[in-house]
Amino acid sequence: MWLNPVSSCFPNLKPYSYSPATPPPPPTTTVKALMAMKTTEESDVGIFCYISQLPGFRGILKQRYSDFMVNEVDTEGNVVHLTNLEAPPEVVKENGAKMQDSASKDYSAEIKKFRSLAGGEDVERLEALISQINSGSEDGVMPIVLLPDYDKAHRTAVHNFFKENLKFLVTDAVDGPDASSKCIRVRLNSGGQNGRGRNSKKRKERGDKPFDSRGTDDWSEHVAKFLRFHLYKENKDTQEALGIIGKMLGIQPRAFGFAGTKDKRAVSSQRVTVFKQFASRLAALNDRLIGIKVGDFCYVKEGLSLGQLLGNRFTITLRGVVADSEDTIHASANALGKQGFVNYFGLQRFGSGSVPTHLIGASLLRGEWKSTVSMMLEPREGDILYCLDVITEARKYYKETNDIDGTLRKLPRHLVAERAILQCLKKCPGNYSQALKAIPRTLRMMYVHSYQSYLWNHAASMRVQKYGTDRVVVGDLVYCKGNETEKVTGIVSSECVDENVNDENCDDTFDPSHLDDVSETNIPEARVNLVKAVTAEDIDNGNYTIDDIVLPLPGSRVIFPENDIAAVFHDLAKKDAISLTESVHNVKEFSITNVTGSYRRVFQKPMDFEWELLKYIDGNIPLVETDFEKIDKTKPVNVHKEDPTSVNGDGSLHDSIKQSECSANDIELQKRGIEVEDKGEKLPQVESLGGTNPQGTQIALKLSFTLPSSCYATMAIRELLKTSTSVAFHKTLN
């Protein structure tokens, strides 16, 4: 059963109590107001409401990155875990004999010729590379990068040298230490030493076979072309982890495929595919990889693409739990499992800086190109707040000097959008609209989608405030059920915006730091869903429930609710000088009328929801085993005999534990100084969780649940705690 709706769902957030208050008017996204903000708060982006009116309690989110675990759920409903680091028996390479033939060749004449083109240091690097290849250890061959080269004609000569003389090596250009230089990277041709470059095979030689520049023709016809593996990572985002692996293998990032970008400050496991690579090569990297492991290898016919997952399984540990009573925790946890939460777009959707992404999106929709560029390049208070001194210095330098080359040298390479703008302005001074188009498409569309999310959040809050959380009303939008004869509107929906959606993710790859706990996805083969407005007859017949209600993300192919909620979208956009029905400029991709739009469920229940309370003393000890720890625990270890009792970190003694009375998992946790409490039972030796334990024992709440793609786990935690999910807030709790 759903609890009675909150009479007013815009509360003044307090850590341990719930007190409804009059909602503030929706804020307008003026540049001056938001530029002055240090961080984005939930109320700034329309996040106001809760489903239950139970009191919240204190709990620290992500005190350690291992407190937030994410396991992908594949399209078959299987939860992805890292279980095995070993490579399977390998199929012999067809070009193996050719590798041996070339390995025995003497390349002194070629090296002598190279000496006329390059300096001694580069010659030594090339000699070392060839020597390593000749030794036969192909798996460990790392690319070399030659010294910076400012002369394009000379770089061309170097490329040609390798094409003509050392055909088993391939070259490409990478950025040098400054904007005007490039470096040539030399690596072993993954296509084998057959004397052909990757682009040398003509169409007539290929016949009807499509050309794929990522790999090689020398691959057994009996082996599927893609290696699928499970990527385990700690405190790294997906792109960063794959970038490291790709660099070690000497392959381009586009050779990898994955279904969604996983959290950075977390421990996660997900599926990845790579084109024409042997499992033994990747497995050999495990000893060198830090915070990353790969395993569970198999060969498949198709690579992964964004959106090929059902969702994610979350295991979240809230530390330092303090509540008015144990009953508060029990009631709140059970309510979350039964009732769910308001399915808001979380703060990650809007960025972590002082200029939220939806503010930039609003500026783009208004066609204010120069203003948008200024917002992205000028100094921000948020950079200072997060101690990003290098970024602050670069922004200030550009504002004071307008020196593009100097700014590019100072600006970190991960600021892709800013660097793209500057590089375009260098070529086309004053052409601000073109500079914005220079941002990679998936990134630039993020800003428009963020503004859609901003409107959606406000509309969802108004829907809960006006009509509650326990009933469907006339005019609500719902997905149609069965073969209905009413007039309906066909839409393309993946609960995302536009096509190719990936906000962990919708149609856009957000900056990884903004992707903490969501995997909004692209549906490769878009399916058509039917959405309709609820009628009085539907309500009388009980055709729909609160779980069926959706709201639109504005676009050209959506309809709006046929009740008061529709006005929220238009009125709020009008305050930002934006029309949802017509564009004020002719740049289509920055026009709301050119974006397809989509629908999103207003309420979401966590699936397979479980929770338990843990007692711990040392806040530095992990409370939940990771996939890698489970693997590592099975390895043979030296067993040291110990006393029946052992000393805890605080000097106290463990009570003896009989194995027959405990699960294996509980035993392992107790070895770490953690005591597990069963669901629904009182914690031993704790009269009130709000009190102070004389021995320093603390309480943690472990939650496990699955969410579909497009849902934010932090919004589930917000419903539970009744506190802000902002990073700044939880840092104060630490």
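Analyst: Setting aside residues up to four places away in sequence, Q270 is in contact (heavy atoms within 4.5 Å) with E72, V80, F229, H230, L231, K233, T238, F258, G260 and K262. This is a predicted model, in which local features need pLDDT of at least 70 and side-chain atom pairs count only at pLDDT 80 or more, while totals for chains, interfaces and linings use all residues. Residues are numbered from 1 along each chain as its sequence is written, and side-chain values use heavy atoms, with hydrogens and water left out.

Q270 belongs to strand β8 (residues 267–275); strands are DSSP runs of E with at least two residues, helices are runs of H or I with at least four, and both are numbered from the N terminus. With a relative accessible area of 0%, Q270 is buried; the term means under 20%, against over 50% for exposed and partly exposed in between, with a 1.4 Å probe and protein chains only. One of its contacts, T238, is joined to Q270 by a side-chain polar contact of 2.9 Å. Such a contact is a pair of N or O atoms within 3.5 Å; within protein, one must be able to donate a hydrogen and the other to accept it, and residues adjacent in sequence count only if both atoms are side-chain atoms. H230 lies 40 residues from Q270 in sequence, yet their C-alpha atoms are 5.5 Å apart.

R313, in strand β10 (residues 311–322), is also buried, because its relative accessible area is 14%. Beyond four places in sequence, its contacts include M69, V70, N71, M607, D608 and E610, together with S704, F705 and T706. With T706, the side chain of R313 makes a side-chain polar contact of 3.1 Å.

At 30% relative accessibility, N160 is partly exposed, and its C-alpha atom is 9.3 Å from that of T171, eleven residues away along the chain. An open antiparallel sheet of three strands runs in the order β3-β5-β4. Two antiparallel bridges join β3 to strand β5 (residues 182–188), and strands count as paired if DSSP finds at least two bridges between them. I144 has V186 of β5 as its bridge partner.

Across the protein there are 23 helices and 20 strands. Of the 734 residues, 53% are buried. Among contacts with a separation of 6 or more, 78% link residues 24 or more positions apart. The structure holds zero disulfides, a disulfide being a pair of cysteine sulfur atoms within 2.5 Å. Of the cysteines, C711 is buried at 2% relative accessible area, whereas C298 is partly exposed at 25%.

Confidence also deserves attention. The mean pLDDT, the predictor's confidence in each residue from 0 to 100, is 78, and 70% of residues reach 70 or more. Among the elements, strand β11 (residues 341–342) has the highest mean (98) and strand β13 (residues 489–492) the lowest (40). Over residues 192–213 the pLDDT is below 50, and this stretch has 28 contacts in the model beyond near neighbours in sequence. Residues 638–674 are likewise below 50, with 39 such contacts.
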